[in-house]
Amino acid sequence: MTRAAWTGTRSPFRRALASLQPVRGELVGAALLGASATLCAIGLLGVSGWLISRASQMPPVLTLGVAIVAVRAFGLGRGFFRYAERLVSHDAVFRALTDVRVAVWSRLEVLAPQGLAGFRRGDLLARMVADVDSVQDLALRVVLPISTAVLAGGVSVAVTWWLLPAAGAVLAVVLLLGATVVPWVTAASGGLAETHSARARGELSAQVRELLHGAPDLIACGAAPAALAAATVTDDALTGLSRRSAWTAGLGSGLGVLLAGTAVIGALVAALPAVTDGRLDGVNLAVVVLLPLAAYESIVGLPAAALAFVRVRASAERLAEIVDTPDPVGEPTNAGLLPAGRDLRLRGVTARWGATGDQVLLGIDLDLAAGSRTAVVGTSGAGKSTLVSVLVRFVDYAGSVTLGGMELRDLEADDVRSLVGLCAQDAHVFDSTVAENLRLASPGADDAILLDVLARVGLADLVGSLPQGLDSPVGEHGSRLSGGQRRRLVLARSLLADPEILVLDEPTEHLDEETAAELSADLLDLTRGRTTLIVSHRLRGLEAMDEIVVLEGGVIAERGDHAALLARNQVYAGRWWQEHEQHEALALAAQRGWSRDHKDENP
Amino acid sequence: MRPLDPRLLRHAQSTKRFLVMTVVIGVLTAAMVIVQAFVLARIIVAGFQQEASLASQRGPILVLAAVVIARAVLAWATEAAGHASSAQAKSELRSAVLAHSVRLGPVWLAGTRSGELTTLCTRGVDALDGYYARYLPQLVLAIIVPVSVIIAIATQDLLSAVLVAVTLPLIPLFMALIGRFTRRQVDRQWSSLSALSGHFLDVVAGLPTLKAFGRAKSQTTSIAQVGDEYRRTTMGVLRVSFLSSLVLELLAMLSVAVIAVAIGLRLVNGSLLLTAGLTVLLLAPEAYLPIRLVGQYFHAAAEGVGAAERMLTVLETPLPMTGLRLDIPDLRSTEIVVANVTVGYPDRPTPALHDQSLVIGPGLVTAIAGDNGAGKSTLMALLMGFVAPVAGGVDLRHPDGSTVCLADLDPDAWRSQVAYLPQSPYLGAGSVADAVRLGSPAATDGDVRRALAAAGLDLADADVLRTLPAGLDTLVGEGGVGLSAGQVRRVALARTLCRDAPLVLLDEPTSALDGTTERVVVEAVAALRRAGRTVVVVAHRPALLLAADVVILLEPIGPAEPADDGDPEVDALALGANAASAAPWTERA
């Protein structure tokens, strides 16, 4: 139901409205409660006016009984109705919100990671989560205030009309004006101020960002005072603009007060002659005059609703933008069964990121025979990660990729991923425990299995030293672990999943020289006998691979085993010797105790 | 939340003037409210009891119209003045915060996440609009109007005046009591709320990983469950926090009802006149209205106060280096002695440097090596005066025996003697020449070219010209040509080399550079040495370590030091999670 609400061709705002559909019963209830609360306030003043007027004619007290009870009931009712309205509406909105989250999630699940390439940055993700939350504003700040205003305003006009049609008409006109012109003025003056200052704001924002992000450089260069002065000039310009636009800011409030007063004066002008010529009982004069005074309250929430509407619409548009992103990978209509063979074979594979992106892979031929270990090396931008994404069906490809003779695109992507396990470069460590991060790969695994896999990646000591062992929290993004420990944990997770074909994307990225060398050595042992593809920009530690493929600019520049590539003495050999020399030099420096006199060697 | 933080008055001077203006507007508003009730009651009584004609009431109705117009103008003026004052106060706070942040330095900025601070200084501070334009004036009105109205009611009917005067203070009293009784419960539920909201963000960020393990689809149920839990917890908070507004509404409305019934009963037995009764009925709600509005604006105001509070916290953070001495010793002959220094960061359990001692000899190249988290960059920050040690200190020891403590020096004067290349340098928007000249404004084009060449960007080289097509005038940084991390580093290195300072600090100058450029850097370091400069260089890679006179190896402290591997996405995500958890639900005003 709600899953459909966010797809389709309707406007984003309508889709957001549709997401409230499942809780419309509760929302109608909340609107009625809200209107009742407002009507209590209106009724209190109206009935009190009648009560006092009638009492001044000194009737028997009994005749006032109903009015007295009504006044007290209205006095009590407002608070309780408002409280109930808030609880009902918030509960309903949170229910709807869960549905929207699930719907957006289902869509994200299809899109990730390639379709979300443009949304991957942290702030955009956070923004998206906030945009989902803004659906609650749609109900609480837009739909409910408008419904309440229509209901309570309508009842007030009807009652006034029943007492004196002319006064009812005056009230109707004033309320209509207040419900349309005041929100418009409020939104327009706010928007106007925004437009005027947008440029200065943008400029100041850029200067502040530059000042704060570039602070080390600016301070070190003694250039911070000049940068501060420049920001102050822009700040002054912005402040000047804001001060000038301030005078329009209160127009909405002023107009509201003016209209409420107009309603009262209008009622007086209509009612005084009516009393004189007998169309209106004098006892009701106070009611007709006081009702408009209170009735204006029913529409005071509308200017805020107009502002909220603009905000919610923008959020809905951003969400629709994500939801409407086309599927990055086509699923087969008749998915084939997984074949028995496990040989991966690539022929003339080309691929690109997004429908319009540049081709990143330009015709790759590659064989990953069952049980073989292959390394793909190359500088960043050579297409290594794209190749990996093709193999796990995150990216569509042209050409042919077969698994045991079956074309990958004819298989369900989830089935492919059950065989081809990926340990991504940016594999996520969840803000949970060590055990839970591991069990992601194998939900049924018991502690013994987890400890075993941790021991295999060299984390046994760490887990042993943690007070809560396997149940120790790893922190947000694994922040309680060091960079090396994080890499080892995600590696353990991939090993635990025990895929028949293991793909490791930059397993030693972000690690210092020594840690990287250790991990590379361990990797060789861990992947023995398993079909493995290691992608890396570092060459050392890959010497024992069955085949090393050098990727450059989306094509294969060189291939062969380590000895053959060294013998060729081309790209691979050049880079490998360079890394090797550095390593030797480091070892040498370490041997010499890290400190020596330079001058001895270079006279 | 305190309704008016006295620090705000101190740091935003315009607030004082605004308060005075608000009091004037408040007094006028109260007067208009009272006049309106008196005039309206008299017109109604005339119409009802004497069946007065419209013409006979023309005068009073015109007065009423004038009052309505005056009230409209006052309502407008309150907000207009509020917005104007808010603009001024925002500017004052922003300028102060920026200036203080820069003085606090990059280490502090990295700890507080400069992104968050940027938002706070621009969009974040806009929340003050609601505070100035609505909340503060309403707070003033909530004092002036009820008092004036009670006095006005007393002139008509003493009993009603007493009723209002007794019930009115009950409202803030009850609200404070409810607040106190429910605070702990609300706080507890708040923290579980932020955890839930962080969970969704965590799961979205880890989506590719979940998908790789075939667990993404099954997360749908988990998200639904978490959402449900979120709803239950939130409703628990709301049931309690809505109570205070229930009490507010109940007291205000019930008091008016009681007053109305009491007036009615006394009118029946003739002990009160209709005019007085009607006037009181019109005035009574006006006594409660400003207090109800304060409650309504509380939420918007809390945001504004929150933003202001964060700014005031920044302003009250002590500076790392506060010395005043301007007589910097001649660094060409002065030893820099780091003695038993311990540096800690508030967000880390273990110190970044622990009891560290080392000597940097003048005219030598000192390389600092060590694993991630060993404190290499912290040592550089210490030498720049960006962090203050919690123990120990840095001394400048002249050969004649005189010693000056780094902490006693004026930070700007000290830094004028230092050229520093940060670990991740930043190029502002501008030309390459501007970027290089940042630290040496007087440098000629020739100097700039030489510095660029020494940093591996020889503008005579065809390859380099492909990257920087307009030579020195090529625009870089935001809006300029896209430079790789390595190229940015080379431009920044040129900037550092161009600066004629006796002490040169280089934080990982060769990271993200290929082998060829690495050799250029090594040569540049050697050239600095020949020129008699003191060089301190943080290095991971062997080529640079070999070029040093002295290599100092720092050992990491503690077993599980979180590695700072400079992954900006992690930072951004962590920030996002905080931002999201700050507002998991919002109360309807």
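Predicted model: local features only at pLDDT ≥ 70, side-chain atom pairs only at ≥ 80, totals over all residues.
User: How many residues of the two chains touch each other?

Analyst: In general, the size of an interface is often given as the accessible area lost when the parts come together. Here we can count residues instead: 131 residues of chain A are in contact with 140 residues of chain B. On the chain A side, helix 4 (residues 65-111) supplies the largest share, 24 residues. By type, that side of chain A divides into 70 nonpolar, 36 polar and 25 charged residues.

User: Which strands does strand 9 of chain B pair with?

Analyst: First the general idea: strands of a sheet pair through backbone hydrogen bonds, either parallel or antiparallel. Strand 9 of chain B pairs in the parallel sense with strand 6 (residues 418-421) over four bridges, and Ala419(B) stands opposite Val504(B) there. Strand 9 of chain B is also joined to strand 10 (residues 534-538) by five bridges, again running parallel. In that pairing Leu505(B) stands opposite Val536(B).

User: What about strand 7 of chain A: buried or exposed?

Analyst: Strand 7 of chain A, residues 501-505, is mostly covered, with five of its five residues buried. Ile501(A), Val503(A) and Asp505(A) point one way, and Leu502(A) and Leu504(A) the other. Four bridges join this strand to strand 6 (residues 420-423) of chain A in the parallel sense, with Cys423(A) opposite Leu504(A). Strand 7 of chain A pairs with strand 8 (residues 531-536) of chain A too, in parallel over five bridges, and Val503(A) stands opposite Leu533(A).

User: What is the strand order of the open antiparallel sheet in chain A?

Analyst: This sheet has four strands in the order 2-1-4-5. Strand 2 (359-368) and strand 5 (406-407) of chain A each have a single partner strand, so one side of each is left without a neighbour in the sheet. Helix 13 (residues 384-391) of chain A packs on the sheet, touching strands 1, 2 and 4, and its direction makes about 60° with that of strand 2. Strand 4 (residues 398-403) of chain A is joined to strand 5 by two bridges, with Leu403(A) opposite Met406(A).

User: And which order does the open four-stranded sheet of chain B have?

Analyst: Its order is 2-1-4-5, with antiparallel pairing. The edge strands are strand 2 (353-360) and strand 5 (403-405) of chain B, and the twist averages 20° from one strand to the next. Strand 1 (residues 335-343) of chain B pairs with strand 2 over five bridges, where Val337(B) stands opposite Val359(B). Helix 13 (residues 376-384) of chain B lies across strands 1, 2 and 4, running at about 120° to strand 1.

User: One last feature. Why does the length of helix 18 of chain A agree with its residue count?

Analyst: Helix 18 of chain A, residues 483-497, has 15 residues, so at 1.5 Å a residue it should span 21 Å; its end C-alpha atoms are 22 Å apart, which agrees. In this helix, 15 of the 15 residues are buried. Asp498(A) follows helix 18 of chain A, with a positive phi near 50°.

Definitions and conventions: Residues numbered from 1 in each chain as written. Chains lettered and ligands numbered in written order. Pairing = 2+ DSSP bridges. Contact = placed C-beta atoms within 7 Å. Axes fitted to C-alpha atoms, helices over the stretch in contact; angles between N-to-C directions. Nonpolar A, V, L, I, M, F, W, Y, C, P; charged D, E, K, R; others polar. Expected span 1.5 Å × (residues − 1). Buried ≥ 20, exposed ≤ 12 C-beta atoms within 10 Å, placed from the backbone.
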